[in-house]
Amino acid sequence: MSLDSNHHDVFQDPLMLYRSAVQHPEAEVAFLERVYMHYFEGEQPTLLREDFAGTCAISSAWVMMDEDNRALAIEIDYPTAVWADKFISHEIQERSEDVIILVDDVMNVNEPEVEIVASMNFSTLIYHSKLELIAYFKHVRKCLLDNGIFVMDVFGGAGSKQVGVQERAMVVPGEQDLKIKYQWEQRSYDARNQRIDCRIHFERENGERLVDAFCYDWRLWSLADLQAMMIEAGFDDSEVWCDVYNTEIGQSDGYYKPADVYPDRQDWIAYVVGVKRG
């Protein structure tokens, strides 16, 4: 989907490439709704806050899921927010007014209170110290209504600490003839402080590369540490939601649910949920 009706070289549009390669907003918002209704059966959430919103894809998909849904998207980078606003206006048109985009640090935004705060695409991993992360969790809790949840995703496993590049083919909507490879590079890992340097590159079939399209300086927190810090920040409960991995076929069932035990594997992605009860 091009943002420009005239000539538009999508390979020069990193945010469009990122959205196409990495994000699955329709599945994510369905998951967020399912998690909320797991804890508050019979209550239909309508108000979402998307922290570190980037392309604001989750906010866009949220308002399109139900006519009563509204979303607040917070993104600190102004050019990214401008891109997202233009894309949303094109993508959801008459519903675009139901997505409010704020250009600010998430820690500066206190209202409105919402039922769900989501920090996806591993964005919470920008906090490297326990003090910073607990402060963020406390802030999120204050921004939730009495019955509310905070959902963040996290990755781990032995593969998350290995230096190297993984790549796969990707398709940009409306550009099916354009052959592009998505490349995920883990450039360095510091076992002393769990700090990891990750990069995203893109390569087209003629060899042209978009190097360091996105760069991440993250701290790999353990699931147990995240749960403990959520409780310390005042959440009434914290649970890990994970999938089931079939070792015989080397494939996940793709269905995430609360788990008390999460067997380790080479690479995994899980969600950590903080619950605030009225």
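The structure is a predicted model, and every value below was computed from it. S60 belongs to helix 3, V22 belongs to helix 1, and the strands are strand 8 and strand 9, which run antiparallel.

- With a relative accessibility of 2%, S60 counts as buried, because buried means a relative accessible area under 20%.
- The side chain of S60 is joined to the side chain of E91 by a polar contact of 2.8 Å.

- V22 lies in helix 1, which is made up of residues 14-22.
- V22 has a relative accessible area of 22% and is therefore partly exposed, since that class lies between the 20% limit for buried and the 50% limit for exposed.
- Not counting residues up to four places away in sequence, V22 touches N121, Y182 and I200.
- V22 and E232 are 210 residues apart along the chain, and their C-alpha atoms are separated by 32 Å.

**The pairing of strand 8 and strand 9**

- Strand 8 (residues 195-204) and strand 9 (residues 209-219) are joined by 8 bridges.
- One of the residues involved is D197, whose bridge partner in strand 9 is D217.
- The two strands form a hairpin with 4 residues between them, and in the turn G207 has a positive phi of about 95°.

Key. Residues are numbered from 1 along each chain as its sequence is written. This is a predicted model: local features need pLDDT of at least 70, side-chain atom pairs count only at pLDDT 80 or more; totals for chains, interfaces and linings use all residues. Side-chain values use heavy atoms; hydrogens and water are left out. Buried means under 20% relative accessible area, exposed over 50%, partly exposed in between (1.4 Å probe, protein chains only). A polar contact is a pair of N or O atoms within 3.5 Å; within protein, one must be able to donate a hydrogen and the other to accept it, and residues adjacent in sequence count only if both atoms are side-chain atoms. Two strands pair if DSSP finds at least two bridges between them. Contact means heavy atoms within 4.5 Å.
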